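Please open the model in your viewer and keep the sequence panel beside it. The stops below say what to select next and what is there.

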Amino acid sequence: MSPAPIALYPDLRERPVLVVGGGAAAERQVQALLAAGALPRLGGAPALTPVLQAWADAGRIQWLRGRFDGAWLDAVWYLVAASDDPAVNRQALQAAAAQRVLAQDATGAADTAAATQATDDTGDGIGASAAAATAQAIRPGTVTLVGAGPGDPGLLTLNALRALRNADVVLHDRLVSAAILELLPGTAERIEVGKSASGHSVRQEQIHALMLEHARRGRRVVRLKGGDPFVFGRGGEELEYLRTHGVPYAVVPGITAALACAAYAGIPLTHREHAQSLRLVTAHCKESFDTLDWAALAQERQTLAVYMGVAGLDTVRERLLRAGRAADTPFALVENGSRPQQRVVVGTLADLPDTARAHQVRSPALLILGEVAALATGLHWFGAAPLSALPSPFPKPAVPTLAHAA
Ligand code: SAH
C-alpha cells in the first residue's frame with residue numbers, strides 16, 4: 001500500500017482569513033474561500049462590489065471598514081492580498097510577514113511570503129495567483145434545475161441532496177421550505193427569487209439573467225423549485241434560455257404537489273373502483289379558466305388536481321357544475337401538504353368555495369376533486385384528521401378488547 005499523500009495546503013475550514021481589497025479580484029478570492037469553508041473578512045477598500053456587499057449584508061463575510069490596519073491580522077490565520085492598489089497590498093504583505101501570518105499575493109505583483117495554496121474538493125485554488133483566478137473565472141458553470149418537493153425534506157431525491165450539497169449559489173422559490181434550505185452548505189450563496197417581503201416577485205427575465213451571470217462566473221448554480229420543476233414550474237422556459245446561451249444544465253425531478261398532497265392526505269389518485277385517470281390542472285386567472293376544456297374536466301371517474309386554485313374556487317365550481325359534474329362529487333383541499341402544519345378540508349363540489357372560506361384555506365393549497373377525495377376521511381394518517389362534513393366511507397376499525405388480548 002502506498003503511504004497517504006502529504007497535504008500541501010493549509011486547511012482553512014472555519015478559520016478567519018483576511019482578504020485585502022473590495023473589487024473583482026477580492027470577490028474571486030472570497031468566493032473560493034467560502035467554497036472551502038473558510039471565514040473571510042474583508043478590509044482595506046473604500047467600497048465593495050455588489051456581490052461582496054450582498055455577502056456582507058447577509059453576514060457571510062465580515063467587512064472591516066477604513067484603511068488597512070495591522071491589528072486585523074491578530075485574529076486571522078491567513079492573508080490574501082487582492083487590492084487593486086499595489087501599495088495597499090505591499091503594506092498588508094509586509095505586516096503579515098512581520099506578524100508571521102501566512103500570506104498570498106493574489107495579484108501576482110509582489111513576492112509572496114508563503115507559496116501556500118488550499119483547495120476545496122473541486123480543486124479550485126484559494127489565494128490563487130492571478131492566472132489561476134482567471135482560469136477559475138472561465139471554467140464553465142452549470143445550472144441544475146432541482147425539484148425540492150412539497151416541503152418535507154424527506155421527499156427530496158438523493159440526486160437533489162447531492163446537487164444542494166455541491167451548490168455555490170442557490171436561486172430558490174419562496175415555496176421551498178425552510179427545512180430544505182437548512183440542508184444547504186453554509187458556503188452556498190442563497191438568493192430568493194420568489195415573492196419578496198414587499199410582495200413583488202423577481203421577474204422571470206431577472207431569474208434568467210441571474211442564472212446566466214452566476215454560471216458565467218464558473219459557479220455551480222442550483223435553481224431550486226417547489227415540487228417538480230416541470231409541473232407548473234416554468235422549468236421549460238428556463239432550459240430554453242440556458243440552451244440559447246450555451247450554459248450546460250441538468251434536471252433533477254421532484255415530487256409534485258399533487259402526488260405529495262394525495263399521499264399525505266390518504267387519497268389514492270387512481271383507484272380501480274373510483275377513478276381511472278388523473279389530470280393536473282392550473283387555474284389562477286381568467287384567461288387560464290377560459291382556455292380549459294371544462295367538458296373533459298367534468299367527466300366522471302376522473303381525478304382533478306388543481307394547482308394555484310384557491311382564489312378561483314367559485315369559478316371552478318360553477319364551470320364544473322355547468323359542464324355536468326355531479327353536485328355531490330367529493331373534493332379535498334390540502335393546505336401545506338406534507339408540512340407539519342398540513343390541513344385537509346373535505347366536502348362536496350356544491351359547497352366547495354363556501355367550505356374553503358369557512359375554514360380560511362390559504363395558499364399553498366391543492367384542490368383534489370373526484371370520487372377518490374372522499375377516501376381521505378377514512379385513510380388519512382398524517383397530521384390532523386380532515387375537517388369534513390362527509391361521513392367516513394369505511395367502518396370504524398375494530399378496537400381490540402381485553403377479551404381479545406387474553
Ligand atoms: N412546481 C410545483 C407547483 C408550482 S405551482 C409542483 O410541482 O408542485 C404552486 C402551486 O402548487 C400552489 O399554488 C399549490 O396549489 C401547489 N402546491 C405546492 N406546494 C404545495 C403544498 N406543500 N401543499 C399544497 N399545495 C402545494
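**Salt bridges**

Begin by selecting E213 and R217, whose side chains meet in a salt bridge with 2.7 Å from N to O; the term stands for a side-chain nitrogen of Lys or Arg within 4 Å of a carboxyl oxygen of Asp or Glu. Numbering runs from 1 along each chain as its sequence is written, and side-chain values use heavy atoms, with hydrogens and water left out. The model is a predicted one, in which local features need pLDDT of at least 70 and side-chain atom pairs count only at pLDDT 80 or more, while totals for chains, interfaces and linings use all residues.

E213 counts as partly exposed because its relative accessibility is 37%, whereas R217, at 18%, counts as buried.

Next select E238 and R223, a salt bridge in which the closest N and O atoms are 3.1 Å apart. This pair links distant parts of the chain, with E238 in helix α8 and R223 in strand β11, 15 residues apart; helices (H or I, at least four residues) and strands (E, at least two) are DSSP runs numbered from the N terminus. Both E238 and R223 are buried.

Then move to D290 and R319, whose side chains meet in a salt bridge at 3.2 Å, N to O. Here too the pair links distant parts of the chain, D290 lying in helix α10 (residues 286-290) and R319 in helix α12 (residues 313-322), 29 residues apart. D290 is partly exposed, with a relative accessible area of 42%. In total the count comes to 15 salt bridges.

**A nonpolar patch**

Show the surface and select F232, L278, L280 and M308, which form a nonpolar patch with about 320 Å² of accessible area together. Patches consist of residues with over 30% relative accessible area and no salt bridge, like charges being joined within 9 Å and nonpolar side chains (Val, Leu, Ile, Met, Phe, Trp, Tyr) within 5 Å; accessible areas come from the Shrake-Rupley method with a 1.4 Å probe, and for residues only the protein chains shown count as cover. F232 is found in the loop between β11 (220-225) and α8 (235-244), and at 37% relative accessibility F232 counts as partly exposed.

**Helix α9**

Which residues of helix α9 (residues 257-265) are buried? They are A258, A260, C261, A262, Y264 and A265. To see what covers them, select elements including β13 (277-282), β14 (302-307), β15 (330-335) and α14 (376-379). The helix is followed by G266, whose phi is positive, near 75°.

**A parallel strand pair**

Now select strands β4 (residues 78-81) and β5 (residues 102-105), which run parallel and are joined by 4 bridges, where pairing requires that DSSP finds at least two bridges between the strands. From β4 the chain crosses through helix α3 (residues 86-98) to β5 in a right-handed β-α-β crossover, meaning that, with the strands pointing away from the viewer, the path from the first strand over the helix to the second runs clockwise. Within this pair, L79 stands opposite A103 in β5.

**The whole chain**

How values were computed. Buried means under 20% relative accessible area, exposed over 50%, partly exposed in between (1.4 Å probe, protein chains only). Contact means heavy atoms within 4.5 Å.
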